[in-house]
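Student: Could you take me closely through the aromatic ring pairs of this structure, and through where their partners sit?

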Amino acid sequence: MRLKISLLKEPKHKEVVSCVGWTTADELYSCSDDHQVMKWNPLTSETTRVVKLPDDFYPLDLHWFPRSVGGKKQPHSESFVLTSSDGRFHLISRLGRVERSVEAHCGAVLAGRWNYEGTALVTVGEDGQVKIWSKSGMLRSTLAQQGSPVYSVAWGPDSDRVLFTSGKQLVIKPLQPNAKVLQWKAHDGLILKTDWNPVNDLILSGGEDCKYKVWDSFGRALYSSQPHGHPITSLAWAPDGQLFAVGSFNTLRLCDRAGWSYCLEKPSTGSILGIGWCSDGTQLAGACGNGHVLFAHVVEQRWEWKNLEITLIKRRTMKVHNVMDDAVDSLEFRDRVIKASLACGYLVVSTSLQCYVFSTKNWNTPLIFDLKEGTVSLILQAERHFLLVDGGGLYLYSYEGRLISSPKYPGLRTDTLNAQTVSLSSDTLAVKDKADGKVIYIFEALSGKPLGDGKPLTHKTEIVEIALDQKGLTSERKIAFIDKNRDLYITSVKRFGKEQKIVKIGTMVQSVAWNDSSNILCGLQDTHLTVWYYPNTVYVDRDLLPRTLHQKDASQFSRNPQIVSFVGNQVTLRRADGSLVHLSISPYPGILHGHVRAARWADALRLCRFVKDQTLWACLAAMAVANRDMATAEIAYAAIGEIDKVQYINSIKELPSKESRMAHMLLFSGNTQEAEALLLQTGLIYQAIQLNINLYNWDRALELAVKHKTHVDTVLAYRQKFLEDFGKKETNKRFLQYAEGLEVDWTKIKAKIEMEIARERERAAASAAVRTSVTVQQ
């Protein structure tokens, strides 16, 4: 990826250009010390003077009023705030009319920023004050008063905190009074610029120590650059938070969100004093010290999938390279490319007006449809459909270009959604709520309606990343998520009534990804790459989970690597320096998943015997239990030396009725309540009581016996024997109450138990006879 820079031969401004700001992708405003506000069209290089400001007016910062909030256009979006050296800020219309001038600070107003809703304006100045204003220019509060000038300011993602500079320190101050202020030393020199992105919640800073740095919102350093030759005079996040640009003297650098650099350009501009990104993130403009306005377009973006490599070589041209046969195709578009995604055998490209869907088997005839809203900010693909996110909402389309659904939920804010907070599978869409970070909304892809009982998934801690598995039935769909403590959890997406079981399967996890062809999960865990070959094991036999894992040392990938993709048996990681590393995992677990999905148990056993790997046997054991194939489970558990479980499976196989076997399988997986409910539902009262006795759940066993008026003496007998074995006396008042005047007769109890077993056998035989006669009739 690099920047394609364009500069006019002669500057249009006669003095230093101090600030720039985009209205649309084709219109930019610039302000200069020559007191002129100019309007630019980067496509035609046309310039128009909007207004000539008074001679004592020296502009310092410009920020346009937010154009839209939640897809709705703002009524005041045709104006901008301009701060100046005379201590005032000015609200100016698009046509150049000064609508209001406000005395704001003693000394220059160094920066001014609207919040994301357009309900407030923050200004900072040479007097060290940070002030909050209403959108009409009325002073609301003085947020802070520093002893030194405040050079730069930015709003927090929810517009409830303000970030500003204070000498060598950065300060985050909440708007609520008496809330805790976060302050830390960020640079060795004066900090000149800072920015805070609402999508990724990361902070940028640059200063006179000639470095730029990336921080999280807790003030922890994520990246620090090498010193440049000159102070960092400007920096800015791209709107989607994937890229940022850094400006210095005759220097413009394009960087990834992790901090490493894509390219370094050396234009003859003097110091770049301000950087503005257009709303679609495809181009930026720089305010230059020699009177120029610099335009730079992001080109040579690259997408890879299996044997295909696609490169954006010009604004409207892509090159497709098939590395298998070295074939090259060229794709031309009517408008400039904004976003693209390559996966699942399709290339989806959004331009400023249309969406193109190419099949990787045929590049000549794309499917084209017009876009409803403006700029697409995110594209996600699944096997059957893809998701477009723009300013208006979420839209699911089939690969034939048909709109499938448009899910909605209260407080939807599409401008903050990214690939970590939205996940798509072949039948399900999951979205993390921006307003409450502990909530995940889960939708059915085809209808756009909430899945299951309609209630969102709620966790006890804020969630930072979510991922849906890609294969299998909707009823078995799982979602994995990482919370703020970096713990990895897994749970089912389809829920009805009862509280969903959310299970922790990993700690210190930085990044996760599901495999594209089987439900294998990989994650960067502390200093290891961990692969969960069958994460569902945690619901089947939790003791078996550690034996279904594969771990590789990831310390060689340096600090904070990220998983880019997990396709086939190859995991692609990106190191902190931007380089890609490809790791191969064993292909056998993926093949095993395929056999189990198709119920080819004989093939699955043959594979495990051929590979002779304990991890693969452990996966097969869990898969067989999950699919109620007891014969395969018995062989697999025997292969990994779990003799006690083999014996239990044998005892289950000998049970007379199907319901009883199913209940004991649930019990084997640790689902005690479901096992009991199944037995009660099918009228096997004694078996439900005996199940609780075997688990030493005495109170529940007695409760069932009393409720159903049967086998009270059986419960008391087993309880008495249990206490005698341990040399203890009865202290439970309930048991003492029912034991009064009751003598335990083991002969009668054994006879009753045998009767119950015989009754169950008769029932099972009758039901088998009914099933046989129905089959014969059919």
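Tutor: What follows is a close look at the aromatic pairs. This is a predicted model, in which local features need pLDDT of at least 70 and side-chain atom pairs count only at pLDDT 80 or more, while totals for chains, interfaces and linings use all residues. Residues are numbered from 1 along each chain as its sequence is written, and side-chain values use heavy atoms, with hydrogens and water left out.

Rings of Phe, Tyr and Trp (its six-membered ring) pair if their centres lie within 6.5 Å, and planes under 30 degrees apart count as stacked, over 60 as edge-to-face and the rest as tilted; by this rule the count comes to 28 aromatic pairs. Among them is the edge-to-face pair of Trp22 and Phe295, at 6.0 Å centre to centre with 75° between the planes. Because Trp22 lies in strand β2 (residues 17–24) and Phe295 in strand β30 (residues 293–299), this pair ties together parts that are 273 residues apart in sequence; strands here are DSSP runs of E, at least two residues, numbered from the N terminus. Trp22 is buried, with a relative accessible area of 9%, and Phe295 counts as buried at 10%, where buried means under 20% relative accessible area (1.4 Å probe, protein chains only).

The rings of Tyr212 and Phe244 have centres 5.7 Å apart and planes at 75°, so they too form an edge-to-face pair. Tyr212 lies in strand β22 (residues 212–216) and Phe244 in strand β25 (residues 243–248), so the pair ties together parts 32 residues apart in sequence. Tyr212 is buried at 2% relative accessibility, and Phe244 is buried at 0%. Elsewhere, ring pairs link Tyr346, Phe369, Phe386, Tyr397 and Tyr399 into a cluster.

Methods. Helix = DSSP H or I, 4+ residues; strand = E, 2+ residues; numbered from the N terminus. Buried < 20%, exposed > 50% of the residue type's maximum accessible area, 1.4 Å probe, protein only.
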